[in-house]
Amino acid sequence: MGELIYSTIMSLDGYIADEDGNFDWAAPDEEVHSFVNDLERPIGTYLYGRRMYETMTYRESVPDLAREPVCVQDFAEIC
């Protein structure tokens, strides 16, 4: 049987987005990004809502991926 893992970014006071609907406040530093990459590496399928899907489509066509930090390049390969 498969396993379903639900994860989300959330502030300590329970918010996912700021008052303008953005969640750029949650951008991880390279150490955290690498840790999350390792957690997500074995995942085979992602299920996104519309807004997260639109956000994640950037990963499909990063203009100059070679100039991005190694953790971002790694994440692009994982997803």
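What is the volume of the largest pocket? The largest pocket takes up about 1600 Å³, where a pocket is an open set of points on a 1 Å grid over the protein atoms alone, reached by a 1.4 Å probe and with protein on both sides within 12 Å along at least five of seven lines. Grid points are joined across faces, edges and corners, and a volume is the space filled by probe spheres set on the points. Welcome to this predicted model, in which local features need pLDDT of at least 70, side-chain atom pairs count only at pLDDT 80 or more, and totals for chains, interfaces and linings use all residues. Residues are numbered from 1 along each chain as its sequence is written, and side-chain values use heavy atoms, with hydrogens and water left out.

**The chain as a whole**

- The protein chain has 3 helices and 0 strands; helices (H or I, at least four residues) and strands (E, at least two) are DSSP runs, numbered from the N terminus.
- Starting at the N terminus, the order of elements is α-α-α.
- Along its principal axes, the C-alpha trace spans about 35 × 35 × 25 Å.
- Of the 79 residues, 14% count as buried, meaning under 20% relative accessible area, while exposed means over 50% and partly exposed lies in between (1.4 Å probe, protein chains only).
- Among contacts (heavy atoms within 4.5 Å) with a separation of 6 or more, 42% link residues 24 or more positions apart.

**Helix α1**

- Helix α1 covers residues 30–40, and His33, Asn37 and Glu40 are buried in it.
- Seen down the axis of α1, these buried residues fall within an arc of 70 degrees, so they line one face of the helix; the arc is that of the directions from the helix axis to the C-beta atoms.
- Turned away from that buried side is a face with the exposed residues Glu31, Phe35 and Leu39.
- At the start of α1, a side-chain oxygen of Asp29 comes to within 3.3 Å of the backbone nitrogen of Glu31.
- Asn37 sits in α1 and is buried, with a relative accessible area of 1%.
- Leaving out residues up to four places away in sequence, Asn37 touches Cys71, Asp74, Phe75 and Ile78.

**Helix α3**

- α3 (70–78) is part of what covers the buried residues of α1.
- Buried residues in α3 are Cys71, Val72, Phe75, Ala76 and Ile78.
- Seen down the axis of α3, they fall within an arc of 160 degrees, so they line one face of the helix.
- The buried residues of α3 pack against α1 and α2, while the face turned away from the buried side carries the exposed residues Val70 and Glu77.

**Around the largest pocket**

- The lining is made of 34 residues, and Ser7, Ile9, Glu40, Tyr48 and Met52 lie nearest the centre of the pocket; a lining residue has an atom within 4 Å of a point.
- α1 and α2 (50–56) each supply at least two residues of this lining, and α1 gives the most, with 5 residues.
- By type, the lining divides into 21 nonpolar, 8 polar and 5 charged residues; Ala, Val, Leu, Ile, Met, Phe, Trp, Tyr, Cys and Pro count as nonpolar, Asp, Glu, Lys and Arg as charged, and the others, Gly among them, as polar.

**Arg50 in α2**

- Arg50 belongs to helix α2 and is exposed, with a relative accessible area of 58%.
- Arg50 and Thr8 are 42 residues apart in sequence and 15 Å apart in space, C-alpha to C-alpha.

Conventions:
Polar contact = N/O pair within 3.5 Å; in protein donor to acceptor, adjacent residues only side chain to side chain.
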